[in-house]
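The sequence and structure are shown first.

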Amino acid sequence: SELDKNTGCSLICCPCYYFYKLKAAYTDATTHYAHVEATEQEILQQWRSKMPLILPTKKKKKGPPRPPDTLPQPNWKDGRLPSAYILMKNKDIKKHRPITPYFAHPNSKLLKIVHASLSFMMTRLRATDRNFFSFDIDKPSNLKPLVMKVNKAALSCATKGKPKPTIDLFMGDIKQMYTELSHDELKMAVDWIILRFTTRFGKHTSLKIRKRLNKDPSEKTMNVVLGSSCVSKKRYYEMSMLRLRALIHFDIDNVFFKVGSKTYKQIKGIPMGSNPSPALAYLICTFYERRIPKTIPDNRLSRLFGARYMDDILIIRLLPRDDETLTSLLDCDLQRIIDTSHPNSIYHKDLKIKRETDPRGVLCLCTLLFIKDNDTLTIRYLKKNEDSLQQLGHKTIHKIQHHLSFPPHVMTSVTILG
């Protein structure tokens, strides 16, 4: 199979080796999964009995009217539990990543709508609510205005005869975003974002989601709109906040999957491969980052900038040259962000942030190189794949095999050159 995050590199390993790695991921000394005795059909039948409470199919004859909802029904005919597997990591093929694909999940279509809705809510709040704080940059193109903002702030700090501040960069990788968080923490984050959204746009606001999500950049902004928008009912579903919350809570509480003939339930973290998992991972980080403006004063927060894309985080600080006290306080602020074992850490204690370094002395985020040049921050585009192909050439396979030094019967890495 291909390596994780590198589809151009195929991995060949012994079936017995893969079996033991798969067993270790889901059964040996893990607190994330629990074996269940119920069969697949029994679990699906339980879901089918609970879903009418979340997605009623008939109109109520009495009582208050329900929120506006026009959502697709689960696919009970062809739906089945996900079959989990593992992918070896590209950076270290001794390590693996557990994958739980939701392609055949009965609620796959509904969960795609959930993912689009959560992403829209975070993007909309970030654009319209000045009190909504987050390091999430949404897309790599937003790094350019961030760098311009940093350089502008550095110039403003150098006014009134003061020297220009030193630019300090920290690049890290947020570990265990998917695996170590409790379900209660995830539900708290979901309830928080829904409360912020309804406070900003109205208590009874809803969302309209395009039935066929468009990936074209010019049309992507119309995939999800506010419920008050005038769009065609034939092309859009409508989702209330109550229904969105119920669907997410139901999915978090019912993560069942199969490994071979056995059935397991994930009791900690969120599955990699689930439709709403990326949005939930971004949300949980935003949920913790809301503490930053509440605990760091404005005079220090104006010297601190952040960018988070997927599980990579970049912290930029403007350190004064003539104020050791302020520099010491900024160092303490950085430690509270990157050290999750700190008593007053920003992120959850179960998350880990690992510092990433580059032998060239530069930092890379989203294929962009961050370079400090005379106390000015610049970015350059990194053509990562082209550089590696030119460097390795036709001896790619031999160099990789020599570098890994694995016995042929255990594992061999083969790079496919186009």
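The model is predicted, so local features need pLDDT of at least 70 and side-chain atom pairs count only at pLDDT 80 or more, whereas totals for chains, interfaces and linings use all residues. Residues are numbered from 1 along each chain as its sequence is written, and side-chain values use heavy atoms, with hydrogens and water left out.

The chain has a mean pLDDT of 82, and 83% of its residues reach 70 or more; pLDDT is the predictor's confidence in each residue, from 0 to 100. Over residues 384–418 pLDDT stays under 50. Where pLDDT is low, the predicted coordinates should not be read in detail.

Helices (H or I, at least four residues) and strands (E, at least two) are DSSP runs, numbered from the N terminus. Buried means under 20% relative accessible area, exposed over 50%, and partly exposed in between (1.4 Å probe, protein chains only).

Helix α8 (residues 277–289) is largely enclosed by the rest of the structure, because 11 of its 13 residues are buried. The elements covering these buried residues include α3 (108–128), α5 (183–201) and β12 (304–309), where contact means heavy atoms within 4.5 Å.

Helix α4 has the buried residues Leu143, Leu146, Val147, Val150, Asn151, Ala153 and Ala154. Viewed down the axis of α4, these residues fall within an arc of 160 degrees, so they line one face of the helix; the arc is that of the directions from the helix axis to the C-beta atoms. On the face of α4 turned away from the buried side lie the exposed residues Lys144, Met148, Lys149, Lys152 and Leu155.

Strand β12 has 5 of its 6 residues buried. Its antiparallel pairing with β13 (residues 312–319) runs over 6 bridges; two strands pair if DSSP finds at least two bridges between them. The two strands form a hairpin with 2 residues between them, and Met310 in the turn has a positive phi of about 60 degrees.

The structure holds 14 salt bridges, each a side-chain nitrogen of Lys or Arg within 4 Å of a carboxyl oxygen of Asp or Glu. Three of them are tabulated.

| Salt bridge | N to O distance |
|---|---|
| Arg196 and Asp129 | 2.8 Å |
| Arg308 and Glu289 | 2.8 Å |
| Asp333 and Arg300 | 2.7 Å |

Asp333 and Arg300 are both buried. Arg308 and Glu289 are likewise buried. Arg196 is partly exposed, with a relative accessible area of 22%, whereas Asp129 is buried at 14%.
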